[in-house]
Amino acid sequence: MHRVVALVRPPQSTFELACAAQVFGIERQGLPTRYTFSVCTERPGPVATHAGYDMVVPDGLGALGRADTVVVPGWLPTEKPPSPAVIEALRRAHSRGARVVSICSGAFALAHAGLLDGRQATTHWALADELAARFPRIRADPDVLYVDHGDVATSAGAGAGFDLCMHLVRSDQGARYAAHIARTMVMPPHREGGQLQYSAPPHPAQIDGTLAPLLEWISGRLSEPVTVESMAVYAGVSARTLTRRFAEQLGTSPGQWLLARRIATARDLLESSDLPVDAIARRVGLSSATNLRRRFLNTLATTPGAYRRAFRSEPR
């Protein structure tokens, strides 16, 4: 059982905390429970929230000593640094091997603890300049939804907390397990693009030229040789216009989106079927086992065979 502990501080943002609680703390019918979830704070007792109510947190910083993953679900106000006791608890948890994760402004707590020095990290796009200015040893990226280094991970604004938590579940338990959780939350298991699509000013193409019908059309034709030109023909626009719309709405290119969709489908088939790797490669439009293997290595740093051995288990 993987133990997830969230470290909260008053006044706590309830949404960021709920991101972690909803993903890691809910037992779901038909899905083996793989996580336990709890909350701790520096001074146990009532903890004020931004939602106008207090929550009672009985556990102190000692709970971090039992965590496999520590989540810092926001850290406001950002100009108020953690106490020496909190910094020491975060460093101690990380040094003994716990994964330390921040959601939104929680990156500032990790930054004060020195866990992001020399690394790429993200936070809410409106706070990225502040993070970079106050902590010049951190490579702050204002665009991505999350950054995962394995032992330390950071997410963008509050909603991206779901993206990071789902990514961690996918890494821990496999794509099919994560997809089951996503379905119960009525959410996509993986969002494409970065923060740019939310921080940029609205553009008419984002309203009048939604890509949803095209993405559904592409997803039903993964085994076919779909090209940017054929996508543009279906959408009734030029290839240049289509590329611009992908950048505006998804923060990625048509080709990158298509490759990500093919790899995601291959992961699901590796977990849920007995199909040979070569057959899976053809079904998702990657032509051969050799090509699928190369794409897996580039994207996931593993092979299809190793991925199947790691995540193929009893029916779930």
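Me: How much space lies in the second largest pocket?

Reply: This is a predicted model, in which local features need pLDDT of at least 70 and side-chain atom pairs count only at pLDDT 80 or more, while totals for chains, interfaces and linings use all residues. Residues are numbered from 1 along each chain as its sequence is written, and side-chain values use heavy atoms, with hydrogens and water left out. On a 1 Å grid over the protein atoms alone, a pocket is an open set of points with protein on both sides within 12 Å along at least five of seven lines, whereas a cavity is a set where a 1.4 Å probe fits but cannot get out; lining residues have an atom within 4 Å of a point. With points joined across faces, edges and corners, and volume taken as the space filled by probe spheres set on them, the second largest pocket holds about 260 Å³.

Me: Which residues lining the second largest pocket are the closest to its centre?

Reply: The lining counts 15 residues. The closest to the centre are Arg-9, Pro-10, Glu-42, Arg-43 and Lys-80.

Me: How many residues of that pocket's lining are charged?

Reply: Ala, Val, Leu, Ile, Met, Phe, Trp, Tyr, Cys and Pro count as nonpolar, Asp, Glu, Lys and Arg as charged, and the others, Gly among them, as polar. The lining of the second largest pocket has 9 nonpolar and 2 polar residues, and its charged residues number 4.

Me: What is the volume of the largest cavity?

Reply: The whole structure has 2 cavities of 30 Å³ or more. H1 and helix H6 (175–184) each supply at least two residues of the lining of the largest cavity, and among its lining residues are Phe-24, Tyr-35, Tyr-177 and Ile-181. By class that lining has 8 nonpolar, 1 polar and 3 charged residues. The volume of the largest cavity is about 80 Å³.

Me: How much space lies in the second largest cavity?

Reply: Its lining includes Arg-9, His-50, Trp-75 and Ser-105. The classes there are 4 nonpolar, 5 polar and 2 charged. The space in the second largest cavity is about 40 Å³.

Me: Why does the pair of Phe-296 and Tyr-307 count as edge-to-face?

Reply: Rings of Phe, Tyr and Trp (its six-membered ring) pair if their centres lie within 6.5 Å; planes under 30 degrees apart count as stacked, over 60 as edge-to-face and the rest as tilted. The ring centres of Phe-296 and Tyr-307 are 5.8 Å apart, and the pair is edge-to-face because the planes stand at 80°.

Me: Is Phe-296 buried or exposed?

Reply: Buried means under 20% relative accessible area, exposed over 50%, and partly exposed in between (1.4 Å probe, protein chains only). Phe-296 has a relative accessible area of 0%, so Phe-296 is buried.

Me: Which residue stands opposite Thr-154 in E10?

Reply: Strand E9 (residues 146–148) runs antiparallel to E10 and is joined to it by 3 bridges; two strands pair if DSSP finds at least two bridges between them. E9 and E10 form a hairpin with 3 residues between them, and Gly-150 in the turn has a positive phi of about 95°. Opposite Thr-154 stands Val-147.

Methods. Helix = DSSP H or I, 4+ residues; strand = E, 2+ residues; numbered from the N terminus.
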